[in-house]
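Here's a quick briefing to read alongside the model. Keep the 3D view open as you go.

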Amino acid sequence: MKNLLILPFILLSIIISAQKRNKNALDITSNIEAQFVLSKAFGNNSLAKNYGVFYGFGFGGQLLTPINWGIGADYTFQHADVKPGRQNYVGNLGAMNLSTLDVYLLHKNKPGEDFYFEKSIGFSFYSMKSNLYPSKDKYSEGKGGINAGLKGIFNLDREEKQQFALGIKGHYYLAGVNNENTDIERFYNKSFIVGLTFGYRYNF
């Protein structure tokens with residue numbers, strides 16, 4: 001899904017340009033963030049049973065209003081290998097690459113001078129790709145879902161320009177798989193993934 005890869009860059013450009021336009025008119029702030037991501041699928045579904053821990057990188061950006069509400073977007077790319085002994089269950093599929101775009105509404109709570117929380121909820125668009133063996137063809141699928149997260153932000157300097165962000169986010173995906181056997185359909189159609197993010201944030 002080439003559009004999925006292009007969209008994050010468009011969203012970040014909009015965030016930066018919006019900040020420049022509104023800096024003098026409104027007290028709207030913006031930021032960008034680079035992330036390292038670790039994720040694990042849970043439950044009785046294909047991603048949880050057949051694949052190990054997902055790991056990868058991501059980046060994102062936010063626009064925040066003076067009343068501590070805002071909008072944000074995150075893009076992550078993650079990789080996971082097939083679990084030992086589970087190759088027979090995935091057939092000729094290899095390791096999985098998971099690309100995710102999250103768009104969300106957020107609220108900020110600041111209990112202290114150098115630390116605050118962010119709570120978020122939104123929609124997700126994802127693409128899963130895997131190599132098909134022994135051919136060089138690729139398998140891919142992509143649908144949507146919802147996300148909810150909690151993030152702790154720690155200031156790294158007195159100006160609050162640079163920050164460390166530690167977050168946890170849950171994703172619920174629907175793959176759109178149809179099968180006459182409802183158990184098989186449920187096994188491949190739904191996934192719940194919990195991810196940890198470790199990020200460096202810069203505020204404009």
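Two strands count as paired if DSSP finds at least two bridges between them. Helices (H or I, at least four residues) and strands (E, at least two) are DSSP runs, numbered from the N terminus. This is a predicted model, where local features need pLDDT of at least 70, side-chain atom pairs count only at pLDDT 80 or more, and totals for chains, interfaces and linings use all residues. Residues are numbered from 1 along each chain as its sequence is written, and side-chain values use heavy atoms, with hydrogens and water left out.

**Strand pairing and the barrel**
- In β3, Q78 is the bridge partner of G56.
- Strands β2 (residues 54–64) and β3 (residues 69–80) run antiparallel and are joined by ten bridges.
- Eight strands make a closed barrel in the order β1-β2-β3-β4-β5-β6-β7-β8, with antiparallel pairing.
- From one strand to the next, the twist averages 25° (axes are lines fitted to C-alpha atoms, for helices over the stretch in contact, and angles run from 0 to 180 degrees between N-to-C directions).

**Helices and overall layout**
- The protein chain has four helices and eight strands, and from the N terminus the order is α-β-α-β-β-α-β-β-β-β-α-β.
- Helix α4 (residues 182–189) lies across β7 (162–174) and β8 (190–203), at about 10° to β8.
- Of the 204 residues in the protein chain, 43% are buried (buried is under 20% relative accessible area, exposed over 50%, partly exposed in between, with a 1.4 Å probe and protein chains only).

**Aromatic rings**
- The structure holds eight aromatic pairs (rings of Phe, Tyr and Trp, the last by its six-membered ring, pair if their centres lie within 6.5 Å; planes under 30 degrees apart are stacked, over 60 edge-to-face and the rest tilted).
- F115 and F117 are edge-to-face because their ring centres are 4.8 Å apart and their planes sit at 80°.
- F115 is partly exposed at 22% relative accessible area, and F117 is partly exposed too, at 33%.
- Y202 and F204 also form an edge-to-face pair, 5.6 Å centre to centre with 80° between the planes.
- Y202 comes out partly exposed at 32%, as does F204 at 36%.
- Ring pairs tie F115, F117, F154 and F164 into a cluster.

**Charges over rings**
- K40 has its charged end over the ring of F42, 5.5 Å from the centre (NZ of Lys or CZ of Arg must be within 6 Å of the ring centre and within 35 degrees of the ring normal).
- K108 lies over the face of Y116, at 4.8 Å from the ring centre.

Technical notes:
Contact = heavy atoms within 4.5 Å.
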